[in-house]
Amino acid sequence: MANLEKLIIHWVPSTRGARIIWLAIELGLPYEVKQTVKSAPHLKEIHPYGKIPLAEAKYTDGRTVVLEESGHIISYLLRHFDTDKKLSGKTPEEFEEVDFHLHWSEGSLIAEIVPLIVNKAYKWADSELTTKVFSPHAEEAINYLETVLAKQAAKGSKYLVGDHLTAADIINHMPVAIYVGGKLGPVGPNVQKWLKQIESEKSFQEAYKNEGPPPWAL
């Protein structure tokens, strides 16, 4: 296992940290979860940014690689430990699709959904900015996933890439769950089926067993 002794995952309930636990389980990595709170001062002693998700890959030769941000952590773990390419994509085409989702989910999808969460929390859902800008953009992103999943379903697959769970499913789960669970906009049947499918995975159940109320329970 590339002489990895342990992956320490600094975790806060109802955050993106659970997806790192999920990935570690799928990869069969030895890991330890350290529960903390958001912006805890000691996190900046580990990494100057000091935000969750944060992980430390500790190796048997004494090295420690500090990993910050979901996309970077997932990319690192896939590059170093997904030796059979189960989660990275088994073909060059699948690899590129998974890599796209690692960037798109954190760079575009979540950015379209966060304003809707804020607007709903502050009861600005009927504002002109929401109805004309935020909602259409988020709906377009969710519709994109609906299109991808419809094409996958036509091939007999329940997943975003290939015929099994990949990192594309893992990284996209939380923003989609927030959108669906928070009733932030219309959702197609394929996205709904996909969400139920990946949440039924044993690795998902194990990773999320200690989660508190989901952030999408607005």
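Helix 1 (residues 17-27) lies across strand 1 and strand 2, and its direction makes about 155° with that of strand 1. Helix 3 (residues 70-81) also packs on the sheet, where it touches strand 1, strand 3 (54-59) and strand 4. Helix 3 runs at about 135° to strand 4. Contact here means heavy atoms within 4.5 Å. Axes are lines fitted to C-alpha atoms, for helices over the stretch in contact, and angles run from 0 to 180 degrees between N-to-C directions.

This is a predicted model, in which local features need pLDDT of at least 70, side-chain atom pairs count only at pLDDT 80 or more, and totals for chains, interfaces and linings use all residues. Residues are numbered from 1 along each chain as its sequence is written, and side-chain values use heavy atoms, with hydrogens and water left out.

**Overall fold**

- The protein chain holds eight helices and four strands. Helices (H or I, at least four residues) and strands (E, at least two) are DSSP runs, numbered from the N terminus.
- Along the sequence, the pattern reads β-α-β-α-β-β-α-α-α-α-α-α.
- The radius of gyration of the protein chain, taken over C-alpha atoms, is 18 Å, close to the 17 Å that the globule rule gives for 218 residues, so the chain is as compact as a globular protein of that length. The globule rule is 2.2 Å times the number of residues to the power 0.38.
- The C-alpha trace spans about 55 × 45 × 25 Å along its principal axes.

- Four strands form an open sheet with mixed pairing, in the order 2-1-3-4. Two strands pair if DSSP finds at least two bridges between them.
- Strand 2 (31-35) and strand 4 (64-68) are the edge strands, and each pairs on one side only.
- From one strand to the next, the twist averages 20°.
- Strand 1 (residues 4-11) and strand 2 run parallel and are joined by five bridges. His10 stands opposite Lys34 in strand 2.
- Strand 3 and strand 4 run antiparallel, also with five bridges. Ala57 stands opposite Val65 in strand 4.
- The hairpin of strand 3 and strand 4 has four residues between the strands. In this hairpin, Gly62 takes a positive phi near 100°.

**Helix 1 against helix 6**

- The axes of helix 1 and helix 6 are 10 Å apart, and the helices pack at an angle of about 155°.
- Helix 1 is therefore roughly antiparallel to helix 6. Angles under 35 degrees count as roughly parallel, over 145 as roughly antiparallel, 65 to 115 as roughly perpendicular and the rest as oblique.
- This crossing of helix 1 and helix 6 is right-handed. A crossing is left-handed if the near helix is turned anticlockwise from the far one by less than a right angle, and right-handed if clockwise.
- From helix 1, Arg19, Trp22, Leu23 and Glu26 meet Asp169, Ile170, Ile171, His173, Met174 and Pro175 in helix 6.

**Helix 6 against helix 7**

- The axes of helix 6 (residues 167-181) and helix 7 (residues 189-199) come within 10 Å and cross at roughly 120°. The two helices are therefore oblique to each other.
- The crossing of helix 6 and helix 7 is left-handed.
- Helix 6 makes the contact through Asp169, Asn172, His173, Val176, Ala177 and Val180. Helix 7 contributes Val191, Trp194, Leu195, Ile198 and Glu199.
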